[in-house]
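Work through the exercises below with the sequence and the model at hand. Each task is followed by its solution in steps.

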Amino acid sequence: MTNLLSMRWVKTGVGVAMMLLAALAFAGSAAAASPSVVINEVYAPVNGDANAQWVELYNRSNIPLLLDGWKLRTAQNEYPLPSVTISPTGYLLVTFSRAGVTARFTLSNGVVIADLGLDAGTLKPSADMLSLVSPAGLIVDQINWGQPSNSWKYYNSALWNPGIDPLTDPSKSIGRTWTGEGKDTDSPSDFTVHDPPSPGSKSPFAKDPSDLLGRPTDYVSWVAGLLLWLGFILAAFIARRFQALSGQRTYWQALLIAPSGIVIYTIIQGLAYSQNRAMNDGEKWTGFTILFLSAVLCFYVIAIFSQIAKRYLEASK
Amino acid sequence: MNGLVIDWFTMPALILEIGVLLLAFALFRFARVLGELLEIIQKPPLEVLVMVAGVVLILTFVIPHYIASAVFYPNLTGNAQMKVYLDIFRTISFMGMLVASVLVAIPSMLYLVWTSR
């Protein structure tokens, strides 16, 4: 068993592994980026009034955003958005029929409305999509509910399959769980049922990231991850000391590097939670796999150290 | 539990859970070596702390994370309360990891101090 772990093998393997881990970590952090404007809340319930359908956009950034040239796409239609400005961390209510929405909902004071000027909403409550398209033609944010179909005019491979559960209760809406710098992992789990709906304004349901135990737990996670890594590093120093005292090779260098994945996982999850309040799929696969590989290495090298120490101590008795 | 969707084999969460489980087993192996080394230098059996750390890691990280990924995540869209449970379990997990880390670090550091004299 110990022959497998010759120092040359360890050096080569660890070098390659570290380069791979660094590349994966970079890919994970790049995947964490999320748009400054998002589709925040949607009202298109099954058995609901099509006149009352609306979409809410939210400007996550600290600068005003002029929607000149922007478009909103559904599965079959594309609507140019009126030239309105969303204020920093502000909301925009996009209505298909302004009269239909105001008849159904009492809007808060100061709600900014962008009306598409139709008689009724065209969203299909059982399955549809919404894409926010920039003047350059880029899809800035996209959500879909129900089962996507490739017969849709604007079907694309980035649609969730299945999408968010369709809204069945006309007294509720579908919205993001977190406001502000909150959760955006580009997955259906970012959305939940909002009760009551809050067209064009902050939902009383949605929570700020500082609510609950979010921020304190972030700090604890950083410290815990680094301390756990330190624990294994100390184990490596103990192996080194044992080697110095007994003359038995313990491969402590491998144990020194093996727990690096714990630090990488800690960084990935820490950054993901501080930016988006959650890890997206790319970050999860990257962080979890790196920690798993690190754990396998730690277990393997400690098992070798344990075997060498046991053999030596038994022989000395 | 009525109406709850349960996903028994959630990927990639299972990878993390098995990984942390392996770290806990690594700690158990390490505790055995440390115990024998402490015995040689005639010091108290502090390796028990490392064993407890492994148990804490399993009880507070592996199991809660599995419950969160199998039960809370699949029901997140339909039930807002699940987000609250997720946050509570996340706090428990990392508090547990913090405690486990301290329990590993203390006997290891003491051994290094004792053997450096």
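**Exercise 1: chain B**

Chain B has three helices and zero strands, where helices (H or I, at least four residues) and strands (E, at least two) are DSSP runs numbered from the N terminus. This is a predicted model, in which local features need pLDDT of at least 70, side-chain atom pairs count only at pLDDT 80 or more, and totals for chains, interfaces and linings use all residues. Residues are numbered from 1 along each chain as its sequence is written, chains are lettered from A and ligands numbered from 1 in the order in which they are written, and side-chain values use heavy atoms, with hydrogens and water left out.

Solution. 
1. Read from the N terminus, the elements of chain B follow the order α-α-α.
2. Among the 117 residues of chain B, 56% are buried (under 20% relative accessible area, 1.4 Å probe, protein chains only).
3. Take the contacts (heavy atoms within 4.5 Å) in chain B with a separation of 6 or more: 75% of them join residues 24 or more positions apart.

**Exercise 2: a sheet in chain A**

Task: in which order do the six strands of the open sheet in chain A run?

Solution. 
1. The order is β8-β7-β2-β1-β11-β12, with mixed pairing (two strands pair if DSSP finds at least two bridges between them).
2. Strand β7 (residues 91-95) of chain A pairs with β8(A) in the parallel sense over three bridges.
3. Opposite A:L93 stands A:I113 in β8(A).

Key:
Buried means under 20% relative accessible area, exposed over 50%, partly exposed in between (1.4 Å probe, protein chains only).
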